[in-house]
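Thanks, everyone, for making time for this. I would like to walk through one model slowly, and I will give each cut-off when its term comes up.

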Amino acid sequence: LRRLRGVQTRMRKTNAERYSQRCDTNYRLEQARTFAEFDEIYLPHNMDFRGRAYPVPPYLQHMGSDLCRGLLTFGGTPKPLKERGVYWLKVHFANLLGKDKASFDERVAYAETMIPNAVKVAENALEPGILEWWSNASDDPVQLLATCLEIGTAAKHGSHRMADHDSCFPVHQDGSCNGLQHYAALGRDAEGGAQVNLVPSDCPQDVYSGVKDVVVARIKADAARGDALARVLDGKVTRKVVKQTVMTSVYGVTLIGARQQVHNRLREMGIVDDDQLFQASFYIAKLVFASLGDIFSGATQTMKWLGDCAGQVTLSGQPVEWITPLGLPVVQPYVSKSRRQISTVVQHVTLDFDHRTDSASLHDYRSPQSAHLPNSGDPLDPLRDAACSMLRTPLRLNRSKQRSAFPPNYIHSLDSTHMLMTASACKALERPIDFASVHDSFWSHPSEVDTMNRVLREQFVRLHERDLLRELAWYLESYVGKGFALPEMPWRGTGCRIRSFLSLYFFYRR
């Protein structure tokens, strides 16, 4: 009976999620139909406190779902693909079909065998058999459909004249676990850098498969020792199970969060019974963290050093702050809050308050400037006085949040710096190129991908040629003041030279 109730709960949740997705999809499609009559649309961006850029429109934008990304192209006059544009369009096509772990030439060869399928999709995407192919062949079916339509249109010029096709289509280049790339560069870590394609190699390295292999080996060893749970999981853990946890490990995911990520993947794959899901996901999450510590010991040490620095800073009563390489000042906004429930005739309202407002009464909020003035009789006077006093009252820092958030926030500030440097350099070229980004995923016109690849590598080298950790240490010591002692600098290698960051597969995924 308990299992039946669990199934009913999950089905209700699934139905509610599908209804929400259907409404969201309809809303995005209606916006797309409205904007389709315009030649160009613009996406203004905001920056968060770390410098990361986000489009202001909440629905139809390139950081959205597969649907949004498949609907949007570059504005302006279409440009001819040329030979290199055809090459990168084929690479993009192969990426969407799941061949993003092969070399670029191998992907192109595979894409050429699939072009007849793309042409059929372009001719009639809803034909039985064709619909099933493109909707199931990729994790991003709408982007695959858009790519097939583009290839089908280009193929009308003839298979040997696709380069003459004028296109506005965007091709994506993603960093391979970009957070770990920044950690490896900060620590000059040759071994870690090799796992995330900073070091040149004949084919792309896949950090997720590397971690999966270590996890699988540990499960086999535990199973051989007689562990019952390990025997259940032996041979069943795949790259997909560990990928999200590896990806988010450098951005501060906790063991609890990692367990939930693994739990979701195991449930989707149906490889573990429901009554074993909790124990299995917790077991795998711990193994993933342990494996990351072995493979990326340099990144782990740097992450710990950043956390220890934040802990020292908060002991002085100040929030953690730093300045990015582009000069953007960053202050972590995490303060302690308390919760208060206010009862009305109609309902109960729960409000969060900064700790600085908890201990003072309304009378205490009279500002010094207004204390000697006669009461004007304005009922808003006490509220204005309260606001003035609150702005002068020190906040009580959330020290644990300041500490745990600093390593991922610092890395986010570096990846946003790299993106902005790349965008500025692309615009400053003698012949500026199309550029868009989704954090560490950079987009350009197929014929301009080679130029974008060169620029993004040059800017990454330019960023990390500086001794960023020493600059950070100097700044933290200077603003906290005398008597402040930072932990000893983390280990940094000498084997991974900056010039080796120009690896062919540094940014290579879709």
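Where in the chain is the place of R188? R188 sits in the loop between α7 (178-186) and α8 (190-195), where helices, numbered from the N terminus, are DSSP runs of H or I with at least four residues, and strands are E runs of at least two.

Before I go on, a word on provenance: this is a predicted model, in which local features need pLDDT of at least 70 and side-chain atom pairs count only at pLDDT 80 or more, while totals for chains, interfaces and linings use all residues. Residues are numbered from 1 along each chain as its sequence is written, and side-chain values use heavy atoms, with hydrogens and water left out.

Most residues other than glycine have a negative phi. R188 is not a glycine, and yet its phi is positive, at about 50 degrees; R188 is also buried, because its relative accessible area is 18% and buried means under 20%, with exposed over 50% and partly exposed in between, for a 1.4 Å probe and protein chains only. N197, in the loop between α8 and α9 (207-224), is another non-glycine residue with a positive phi, here about 65 degrees, and N197 counts as buried at 0% relative accessibility.

Taking the protein as a whole, there are 19 helices and twelve strands, and buried residues make up 45% of the 510 residues. If we take contacts, meaning heavy atoms within 4.5 Å, between residues at least 6 apart in sequence, 68% of them join residues at least 24 apart.

Now to a pair of helices. Helix α4 (residues 104-123) and helix α6 (residues 141-155) pack at an angle of about 95 degrees, with their axes 7 Å apart; the axes are lines fitted to C-alpha atoms, for helices over the stretch in contact, and the angles run from 0 to 180 degrees between N-to-C directions. The two helices, α4 and α6, are therefore roughly perpendicular, given that 65 to 115 degrees counts as roughly perpendicular, under 35 as roughly parallel, over 145 as roughly antiparallel and the rest as oblique. On the α4 side the contact involves I115, A118, V119, V121 and A122, which meet L145, C148, L149, I151, G152 and A155 in α6.

Which residues of α12 are buried? In helix α12 (residues 255-269), they are A258, R259, Q261, V262, H263, R265 and L266, and what covers them includes α11 (239-249) and α13 (277-295). After α12 comes G270, with a positive phi near 65 degrees.

Helix α18 (residues 449-464) holds Q459. The 16 residues of α18 should span 22 Å at 1.5 Å a residue, and because its end C-alpha atoms are 22 Å apart, the two values agree; the expected span is 1.5 Å times one less than the number of residues. Q459 is buried, with a relative accessible area of 8%, and, leaving aside neighbours within four places in sequence, Q459 is in contact with H418, M421, T422 and A425.

Finally, the cysteines: C168 counts as buried at 17% relative accessibility, and C177 counts as buried at 4%. A search of the whole structure for disulfides, defined as pairs of cysteine sulfur atoms within 2.5 Å, finds zero.
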